[in-house]
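Please keep the sequence and the coordinates at hand while reading.

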Amino acid sequence: MLHFLLIRLRLGRHYKGMFRVTSEGKDLAAHPGLLFKRLIPFFVLNIDHAAYSRLGEGVFGKWDVWLNVMNVEIEDGASEDNLFSCFYGEAGDGTDRRWREVHAFSACVLKPLEWSGLITVQELRDQDNKLEYIVTKTALWRSGLKLETDDLVQPMTRH
């Protein structure tokens, strides 16, 4: 994926059988904030994340909606199932076909945000010893994103 991104953004190229970083790539490597600003929006917004998911299924929705709703919902952490239900209704108990939709949401929305460093997804066991995934924002989310719902996030819970 990284190889593809560097080629696509012209930050790297093949030259005489070797992969080389372009001069722009070298400049950005010296400035991690600028590299993040160039690389991550393209990765999150322009890549077909379903193409490399296990099931190859996409999820219905748009990034502006997902990001703005998640901005409010995961301020203090939220389970993956609760977050899914904000967009698509109840996730179900795993015995029905909804698990495919939950997986698609995780692969196409949550994983790219996690790999970008914008959220963390932690595994926890609930009181019934069922595995839960808890989604929280990182400091990078707060400093790297400016969203329409920023005013809705309670100031006293901001870190």
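In this predicted model, Met1 is partly exposed, with a relative accessible area of 45%. Met1 belongs to the segment that precedes helix 1 (2-8). Together with Phe4, Tyr52 and Trp115, Met1 makes a nonpolar surface patch of about 420 Å².

The overall architecture may be considered next. The protein chain contains seven helices and five strands, and along the sequence these elements follow the pattern α-β-β-α-α-α-β-α-α-β-β-α. Of the 159 residues in the protein chain, 33% are buried, where buried denotes under 20% relative accessible area.

For helix 4 (residues 63-73) and helix 6 (residues 98-115), the axes come within 12 Å and cross at roughly 65°. Helix 4 is therefore roughly perpendicular to helix 6, because angles of 65 to 115 degrees are placed in that class. The crossing of helix 4 and helix 6 is right-handed.

Lys16, although not a glycine, has a positive phi of about 50°. Lys16 is found in the loop that joins strand 1 (12-15) and strand 2 (18-21), and with a relative accessibility of 70% Lys16 counts as exposed. Asn129 is likewise not a glycine and has a positive phi of about 65°. The loop between strand 4 (119-125) and strand 5 (131-137) holds Asn129, which is exposed at a relative accessible area of 53%.

Charged side chains provide a further set of contacts. How many salt bridges does the model contain? The count comes to five, a salt bridge being a side-chain nitrogen of Lys or Arg within 4 Å of a carboxyl oxygen of Asp or Glu. One of them pairs Glu75 with Arg142 at 3.6 Å, N to O. Glu75 lies in the loop between helix 4 and strand 3 (78-79), whereas Arg142 lies in helix 7 (residues 139-144), so the pair ties together parts that are 67 residues apart in sequence. Are Glu75 and Arg142 buried or exposed? Both residues are buried.

A second salt bridge joins the side chains of Lys130 and Asp81, at 3.8 Å from N to O. This pair also links distant parts of the chain, with Lys130 in the loop between strand 4 and strand 5 and Asp81 in helix 5 (residues 80-88), 49 residues apart. Lys130 is partly exposed, with a relative accessible area of 42%, and Asp81 counts as partly exposed at 28% relative accessibility.

Because Glu114 and Lys111 are three residues apart in helix 6, about one helical turn separates them. Glu114 counts as partly exposed at 23% relative accessibility, as does Lys111 at 32%. Elsewhere, salt bridges that share partners join Glu75, Lys137 and Arg142 into one network.

Notes. Residues numbered from 1 in each chain as written. Predicted model: local features only at pLDDT ≥ 70, side-chain atom pairs only at ≥ 80, totals over all residues. Heavy atoms only, no water. Patch = residues over 30% accessible without salt bridge, like charges linked within 9 Å, V, L, I, M, F, W, Y side chains within 5 Å. Areas by Shrake-Rupley, 256 points an atom, 1.4 Å probe, with all protein chains shown as cover. Helix = DSSP H or I, 4+ residues; strand = E, 2+ residues; numbered from the N terminus. Buried < 20%, exposed > 50% of the residue type's maximum accessible area, 1.4 Å probe, protein only. Axes fitted to C-alpha atoms, helices over the stretch in contact; angles between N-to-C directions. Parallel < 35°, antiparallel > 145°, perpendicular 65-115°, else oblique. Left-handed = near helix turned anticlockwise from the far one by under 90°.
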